[in-house]
Amino acid sequence: GNNKAPLFSSREKTFSRFLFYKNFYGNEKTTVVCEGKTDIIYLRCAIKSLHKSYPSLVDKDGLANFEFFKYTRRTKYLLSLHGGTPYLSDFIKNYRENHSSYQAPGPKQPTIIILDNDDGLPKIIGSLQKEGQCRLVTSDGETTLNGISSLKNHSMYTSVVIYTFL
């Protein structure tokens with residue numbers, strides 16, 4: 001993955017735990033994590049054009065019924081989470097451990113990671129296979145529990161892998 005986690009001051013450690021809680025544990029809406037900022041733009045456009053066919057994707061104001069996770073310098077430093085496969089691979093590896101540190105009632109909303117089925121995907125496959133409750137869905141609707149080999153048969157332009165935590 002990317003480098004070792006930085007040694008945080010107690011304030012940074014507390015803030016890091018708060019950010020994880022806010023985005024991935026106490027989130028009031030589903031959190032969607034994409035590989036890059038442009039993915040969010042494409043998905044917003046798709047939702048805007050398809051919301052009549054899929055009304056559950058939007059709220060009463062026509063806005064997405066979930067939150068896109070926004071990458072910043074702060075999230076890169078405090079959560080080691082930024083666009084790209086190495087960061088997302090480490091995020092998946094550490095997700096359960098980070099998640100288990102909270103005593104509050106469990107989350108009601110999932111975290112969904114959307115990955116491109118491209119050359120970067122094999123680098124993340126190891127993390128996906130080690131995750132016990134891995135669920136992969138291709139853009140043509142195929143769902144599988146391990147799914148790794150079948151993904152290689154899909155065109156990278158028509159397939160998206162969706163990885164869900166709850």
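Me: What does phenylalanine 18 count as, going by relative accessibility?

Reply: Partly exposed, because its relative accessibility is 44%. Buried means under 20% relative accessible area, exposed over 50%, and partly exposed in between, with a 1.4 Å probe and protein chains only.

Me: Ground rules for the model and the numbering?

Reply: This is a predicted model, in which local features need pLDDT of at least 70 and side-chain atom pairs count only at pLDDT 80 or more, while totals for chains, interfaces and linings use all residues. Residues are numbered from 1 along each chain as its sequence is written, and side-chain values use heavy atoms, with hydrogens and water left out.

Me: Where does phenylalanine 18 lie?

Reply: In helix H1. Helices (H or I, at least four residues) and strands (E, at least two) are DSSP runs, numbered from the N terminus.

Me: Which residues of H1 are buried?

Reply: Ser16, Leu19, Phe20, Asn23, Phe24 and Tyr25. They sit on the same side of H1, because they cover an arc of only 165° around the axis. The arc is taken over the directions from the helix axis to the C-beta atoms. Ser10, Arg11 and Thr14 are exposed on the other side of H1.

Me: What do the buried residues of H1 pack against?

Reply: S1, helix H3 (73-78), H4 and S3. Packing here goes by contact, meaning heavy atoms within 4.5 Å.

Me: Take asparagine 23. Why does it count as buried?

Reply: Because its relative accessibility is 16%. Not counting residues up to four places away in sequence, asparagine 23 touches Thr31, Phe69 and Thr111.

Me: Switching to aromatics. How many aromatic pairs does the structure hold?

Reply: It holds 15. Rings of Phe, Tyr and Trp (its six-membered ring) pair if their centres lie within 6.5 Å; planes under 30 degrees apart count as stacked, over 60 as edge-to-face and the rest as tilted. Tyrosine 25 and tyrosine 102 make a tilted pair, at 5.0 Å centre to centre and 45° between the planes. That pair links distant parts of the chain, 77 residues apart: tyrosine 25 is in helix H1 (residues 10-25), and tyrosine 102 is in the loop between helix H4 (85-99) and strand S3 (111-116).

Me: And their accessibility?

Reply: Tyrosine 25 counts as buried because its relative accessibility is 6%. Tyrosine 102 is buried too, with a relative accessible area of 13%. Both belong to one aromatic cluster, made up of Phe20, Tyr21, Phe24, Tyr25, Phe69, Tyr71, Phe91, Tyr95 and Tyr102.

Me: Next, H2. How far does H2 reach from its first C-alpha to its last?

Reply: 20 Å over 14 residues, close to the 20 Å expected at 1.5 Å a residue. The expected span is 1.5 Å times one less than the number of residues.

Me: Which residues of H2 are buried?

Reply: Asp39, Ile40 and Ile47. They are on the same side of H2, because their arc around the axis is only 100°. Exposed on the other side of H2 are Ile41, Tyr42, Lys48 and Ser49. The cover over the buried residues of H2 includes S1, S2 and S3.

Me: Which strand does threonine 30 lie in?

Reply: Strand S1 (residues 30-34). Threonine 30 counts as buried because its relative accessibility is 13%. Its side chain makes a polar contact of 3.3 Å with the side chain of glutamine 109. A polar contact is a pair of N or O atoms within 3.5 Å; within protein, one must be able to donate a hydrogen and the other to accept it, and residues adjacent in sequence count only if both atoms are side-chain atoms. Leaving aside neighbours within four places in sequence, threonine 30 is in contact with Phe66, Glu67, Gln109, Pro110 and Ile112.

Me: Last thing, the totals.

Reply: The protein has six helices and six strands, in the order α-β-α-β-α-α-β-α-β-β-α-β along the sequence. Of its 166 residues, 40% count as buried. Among contacts with a separation of 6 or more, 70% are between residues 24 or more positions apart.
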